[in-house]
Amino acid sequence: MKQSSFNSSYILGISFISALGGYLFGFDFAVIAGALPFLQQQFGLDAYWEGFATGSLALGAIVGCIVAGTMADKYGRKKGLLVASAIFGISSLAMAVAPDRNVFIAFRFVAGIGVGMASMLSPMYIAEVSPAHLRGRMVAINQLTIVTGILVTNIINYGLRNHGDDAWRWMFGLGLLPSLLFFLGALWLPESPRWLVKAGRSAEARTVLNRIGGDDFATESLSVIQQSMTGNERVSYGHIFRKAVLPAVIVGIILAMFQQFCGINVVFNYTPRIFKSIGVSQDGQLLQTVFIGGVNLVFTILAMLLVDKLGRKPLMLIGAGGLTILYIVVVRMLSAGSEHVSWYLLAAIGTYAMSLAPVTWVLIAEIFPNKIRSAATSFAVLCLWAAYFVLVFTFPMLFDKLKDGTFYIYAAVCLAGFVFIWRNVRETKGKTLEELEGVMMH
């Protein structure tokens, strides 16, 4: 198939719109860092409640993954994205007007449902509409929109820092605008051709495939997709633990959990707390979140350029190995009270952004067989969010007790992750989703 015959602008357009779910994921993920100093004063949060208020997003995301898996199979990927966008908008408004801690946490949990749905559906949808030679780059767009959401939110938080005690309400309320944009964009998206075939609507699938890559591509793809769906049956979570698919499922689940347990998200979510520990002012703390967001964006773009050239496995190894070394340096710098620690934390963010952050999502979106993809993706992302909750819930308490030594724990996890990736992850670049079934099942 000639690459020139593909409708690149159309593929890019539908990938970007689907990936707006990632932007909102980035918003809800980042907004808490700027809001926490205000929320601590407003609601009197101690280390436990600080961790729980941050982590409640992840608990909602776990529910969102379960809902999205069922909805994606029954009603299609597009409807799931529309529901996620509506949940984002409603929860943003509700958090902004929350009268007390419990109401705020309840609606942050609801926001998490939208985040969980989008974190599963956006990369899965993009993987299913993208030709093999573009898939890594297109799925990485989802990570690009996540980090853009993080950066824009950090800049807005910094701009609102001196707008009084209620500045945090504006921080959350502004999430309504991108939610509306995502909803309107999702109305225009075509349904996933792989879901249409699964639903017995092959003629509609051909129309979508034809628009993506022309008549020859549509015929060839339709034949391969139909073949992979032979003997189709209703898929439940039980199916993903069958012996034939278990190797791919175990790798997907461990990679998803490692992306969180590697520890970098404590830097994103608790930047003010980390820098406060070495005497940086509140203004300086919030400014660091902007630098972190900027580095995150630049290195994510670098990852998009490399993921289909260098491959998935080398980037994952660079990420795990690089973070192991950088965390050890961070411990030394924090224990010395040095403000130069920011350079090493930024290096850690950059390393993560060009490796574990985007490539994990790419791998999760492509290593599972067609028949179980939505159930397996849902379960892997559910495990990712469970790991995120454990990470961000425990950090304030660990940091109170261990201080800088907390990062030794994350260094050990990264070293173990390096060994696992080296031994168990197979290269997937340039192969169709159907070809990968043969690679991952053996």
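## Close-up views of helix packing and a salt bridge

**View 1. Helices H6 and H14 are roughly antiparallel to each other, that is, at an angle over 145 degrees.** The model is predicted; local features need pLDDT of at least 70, side-chain atom pairs count only at pLDDT 80 or more, and totals for chains, interfaces and linings use all residues. Residues are numbered from 1 along each chain as its sequence is written, and side-chain values use heavy atoms, with hydrogens and water left out. H6 packs against H14 (residues 282-306) at about 165°, and their axes are 8 Å apart. Axes are lines fitted to C-alpha atoms, for helices over the stretch in contact, and angles run from 0 to 180 degrees between N-to-C directions. Helices are DSSP runs (H or I, at least four residues) numbered from the N terminus. The H6-H14 crossing is left-handed (the near helix is turned anticlockwise from the far one by less than a right angle; clockwise is right-handed). Ala, Val, Leu, Ile, Met, Phe, Trp, Tyr, Cys and Pro count as nonpolar, Asp, Glu, Lys and Arg as charged, and the others, Gly among them, as polar.

**View 2. Helix H5 (residues 101-129) meets helix H6 (residues 132-160).** Their axes come within 9 Å and cross at roughly 155°, which makes H5 roughly antiparallel to H6. The crossing of H5 and H6 is right-handed. Ser122, Pro123, Ile126 and Ala127 of H5 touch Arg135, Met138, Val139 and Asn142 of H6. These residues divide into 5 nonpolar, 2 polar and 1 charged.

**View 3. Helices H2 and H4 are roughly parallel to each other, that is, at an angle under 35 degrees.** The axes of H2 (residues 20-43) and H4 (residues 77-96) come within 12 Å and cross at roughly 20°. Their crossing is left-handed. From H2, Gly21, Leu24, Phe25, Phe27 and Asp28 meet Phe88, Ser92 and Met95 of H4. The contact of H2 with H4 holds 5 nonpolar, 2 polar and 1 charged residues.

**View 4. Lys198 and Asp73 form a salt bridge through their side chains, at 3.2 Å from N to O.** Lys198 lies in helix H9 (residues 193-198) and Asp73 in helix H3 (residues 47-74), so the pair ties together parts that are 125 residues apart in sequence. The whole structure has 9 salt bridges (a side-chain nitrogen of Lys or Arg within 4 Å of a carboxyl oxygen of Asp or Glu).

**View 5. Helix H15 (residues 312-335) has 24 residues.** At 1.5 Å a residue H15 should span 34 Å, and its end C-alpha atoms are 35 Å apart, which agrees. The expected span is 1.5 Å times one less than the number of residues. Gly337, which follows H15, has a positive phi near 70°.

Conventions:
Helix = DSSP H or I, 4+ residues; strand = E, 2+ residues; numbered from the N terminus. Parallel < 35°, antiparallel > 145°, perpendicular 65-115°, else oblique. Contact = heavy atoms within 4.5 Å.
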